[in-house]
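Subject: Structure handover

Hello,

Here is the structure I promised you. Please open it beside this email and follow along.

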Amino acid sequence: MERKIKKVAVLGSGVMGATIAAHLANVGIPSIMLDIVPPKLTPEEEKKGLTFKDPAVRNRFAVTGKQNLLRMRPAALAVPEFAGLIEVGNFEDHLSRLAEVDWIVEVVVENLKIKQDLFQKVAGFRKPGTIVSTNTSGIPIKDICAGMDLEFKQHFLGTHFFNPPRYMKLLEIITLSETLPEVVQFMAHFGEKVLGKGIVYAKDTPNFIANRIGIFGMLYLMKVMQEEGYTIEEVDAITGPAMGRPRSAAFGTTDLVGLDTFAHVAKNIYENVPHDEMREIFKAPDFVQRMLEKGWLGNKSGQGFYKRIKSEAGKEKLVLDYKTMEYRPAQKVKFPSLDAAKAASGPDKAKALIYAEDRAGQFAWKITSQSLLYTAKRIPEIADDVYNVDNAMKWGFNWEAGPFEAWDALGVEESVSRMKKEGKTIPPLVNKLLAAKGKSFYRRETGQVSFFDWKTGKYKKVPEKPEVILLPALKERKKEIKSNAGASLIDMGDGVACLEFHTYMNAIGQEIIEMIHESLKIVEKDFVGMVIGNHAERFSVGANLLMLVGEIVKSNWSGIDAAIRAIQDAMMAMKYFEKPIVAAPHGMALGGGCEVCLSSHRIVAALETYMGQVEIGVGLLPGAAGNKEVYLRCIEGIPDGVNVDLLPFLRKAFENIAMAKVSTSAEEARKLSFLRPTDRVVANGDHLLYEAKQTVLAMIREGWKPPRPKLIPVAGDGGRAAIKYMANTMRQGGFITEYEEFIAGKLAYILTGGDVLSGALVTEQKMLDLEREAFVSLCGEKKTQERITHMLKTNKPLRN
């Protein structure tokens with residue numbers, strides 16, 4: 001019988017337990033979240049006359065965990081309503097409900113005996129065949145499961161989520177020797193396909209892969225920092241984007257995670273790796289111990305390595321001087337190698353920093369070389385291959401490249417030569433690679449990636465998955481059909497093409513508009529449908545403002561009008577194209593990026609899609625059919641020929657645009673009517689292009705037909721008066737500025753169809769003309785020009 005997970009029991013309602021339940025809700029899976037019965041009543045409960053018999057008391061911890069989800073930022077839930085999928089209870093009254101579920105995941109405190117005792121109780125209620133897992137971050141799962149019977153062990157494994165589960169891609173899977181292969185295979189498929197995770201297979205060693213490597217790197221850089229006299233802000237300047245790491249860098253990330261969590265993991269590794277040659281590194285330095293004693297845990301306590309205060313100049317960022325244990329203003333860091341790394345790209349970025357001779361380069365080389373050697377020595381101890389380790393660090397710590405990928409970028413032979421000159425011991429894995437005449441841990445040939453396998457001493461192919469479509473690999477296989485500076489059309493196979501944007505931040509300019517028209521011609525002749533998608537960090541941030549500024553400076557109003565007309569024509573050509581077009585947004589889909597999606601026939605969006613019409617932030621309104629399409633989506637459910645009050649629908653469209661509402665998830669985009677009920681949300685962004693392609697093919701099988709032009713019912717002058725009154729109220733309440741009220745008046749004019757009576761029917765072209773006229777007129781306004789200039793300089797909106 002095919003195994004399915006329809007309901008889950010989450011044992012533990014702390015931060016991790018609650019956020020795992022939240023992510024299950026995000027993908028539509030209900031759960032029951034259980035925790036202990038509180039040991040005593042709170043003063044508030046006593047005042048209410050409650051006793052230990054009352055469910056409000058007995059379920060308090062689980063109830064609190066669920067309530068906390070609604071306050072979390074960033075949000076754990078895709079939309080607040082999903083909290084309704086989480087039931088609550090306690091271990092004493094509700095363990096019998098474990099018989100209802102298909103997966104039991106334990107997320108209680110990191111204490112071996114507590115976990116063992118809980119699983120003994122679980123065994124009495126769990127139905128045979130139910131999968132059971134632990135989210136432990138470091139306790140050996142063989143110890144947790146000791147004493148359980150064979151059937152229990154066959155269905156038991158470690159599923160280590162990273163915090164916060166909604167946003168962190170990594171899911172480490174750890175198995176017992178008794179765990180059934182089909183259970184491992186099913187959970188890996190479920191984790192990847194349903195939960196949207198990147199699966200890494202780790203061995204049952206202390207803190208598995210990502211934390212073992214990541215914590216070592218952090219503690220080693222602390223050691224070098226102290227020995228060489230670097231400051232915290234110097235280290236963070238070096239260990240951020242210049243090294244392919246997150247902007248929060250080393251100490252900023254530790255503040256984010258929490259120093260207590262960091263220290264706990266370090267201590268666990270130290271106590272459980274007696275034979276690790278670098279064991280002493282896992283002892284946290286004295287200044288970390290003093291921070292823990294003072295409660296300086298990072299963001300959760302208001303101060304850690306950094307502290308933000310309010311001063312006369314506004315908010316000020318202070319940094320800890322670890323020598324004096326006092327805070328001081330953060331200093332600007334300047335190193336030539338950092339400038340060189342910023343100017344470089346690809347493998348040259350890392351080389352420009354790590355091989356530099358200035359202080360930044362020296363520090364980068366010391367910490368990188370030692371981390372690479374340590375990581376290489378851990379194979380096969382913590383994992384069987386290099387690509388599982390690389391994926392763990394990319395998905396668990398948000399590194400751009402894993403350790404072995406980074407080593408390839410530095411040049412294995414060149415770096416090893418330097419390491420040997422410095423007297424460093426080269427691990428067997430690396431010696432075996434070089435002895436086999438290998439020059440890198442990875443090879444790429446015609447889009448296929450292979451890795452060096454330590455067992456055989458040969459290269460093996462990285463397993464390919466049909467759900468992961470990589471556009472660069474398709475290009476290497478000569479599948480690119482047409483391309484210009486802004487976009488490419490690529491053959492995805494099965495008669496489906498993909499239009500890929502590839503400008504800076506995928507801003508939409510003339511080249512992309514030209515490729516839309518060219519792509520439609522090619523698809524009409526040679527393909528069954530088209531996907532619009534890409535692998536960039538952002539789907540599209542909208543129009544190219546720099547080009548617009550150039551035309552404004554020249555007062556080229558006719559040129560701006562023509563450019564807006566061209567993009568409107570492109571959107572209309574997409575909307576009424578005779579073959580299905582599916583947009584696959586992810587990340588930011590703002591302004592023109594949102595309009596591309598609204599003009600497509602279907603949307604298959606990544607869960608983490610932040611969509612909205614934000615043009616008012618630069619003093620403009622949507623110019624690529626966005627006003628019309630947002631309004632149409634808001635009135636879409638009204639049956640033809642039925643007279644209804646249009647004002648509630650008009651108000652929603654107006655608020656979406658005038659307040660520049662941006663969804664915090666694809667599911668919220670559905671609430672805002674950017675997505676239709678028929679549009680899909682995909683948890684795994686790596687599967688997005690595949691799912692969009694399958695949607696195109698499904699539409700063909702279903703006999704999909706393109707939409708037909710219809711007249712649009714508008715609220716006319718009566719509706720416009722109501723909306724302008726609403727805008728005036730918003731200004732008086734301080735929600736919008738006087739200039740934004742002026743822009744809102746133009747928006748009201750567009751959405752209500754111009755100078756027509758209430759209930760009139762207008763054409764789409766009429767609304768497009770109104771939209772274009774408003775856009776061009778706003779370009780001539782001084783305050784709009786100030787807003788655009790400010791945005792280009794600061795990347796922040798100006799409220800003038």
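Where is Asn398 placed? Asn398 sits in the loop between H17 and helix H18 (403–410). Helices here are DSSP runs of H or I with at least four residues, strands are runs of E with at least two, and both are numbered from the N terminus.

A word on the source. This is a predicted model, in which local features need pLDDT of at least 70, side-chain atom pairs count only at pLDDT 80 or more, and totals for chains, interfaces and linings use all residues. Residues are numbered from 1 along each chain as its sequence is written, and side-chain values use heavy atoms, with hydrogens and water left out.

Now the backbone. Most residues other than glycine have a negative phi, and most peptide bonds are trans. Asn398 has a positive phi, near 60 degrees. Asn207 also has a positive phi, of about 60 degrees, and is not a glycine. Asn207 lies in the loop between strand S8 (198–202) and helix H9 (210–228).

Asn207 is buried, at 1% relative accessible area. Asn398 is partly exposed, at 45%. Buried means under 20%, exposed over 50%, and partly exposed in between, with a 1.4 Å probe and protein chains only.

Two cis bonds follow. One runs from Asn163 to Pro164, with omega near 0 degrees. Pro164 is in the loop between strand S6 (156–161) and strand S7 (170–175). The other joins Ile379 and Pro380, with omega about 10 degrees. Pro380 is in the loop between helix H16 (359–377) and helix H17 (386–397).

Best wishes
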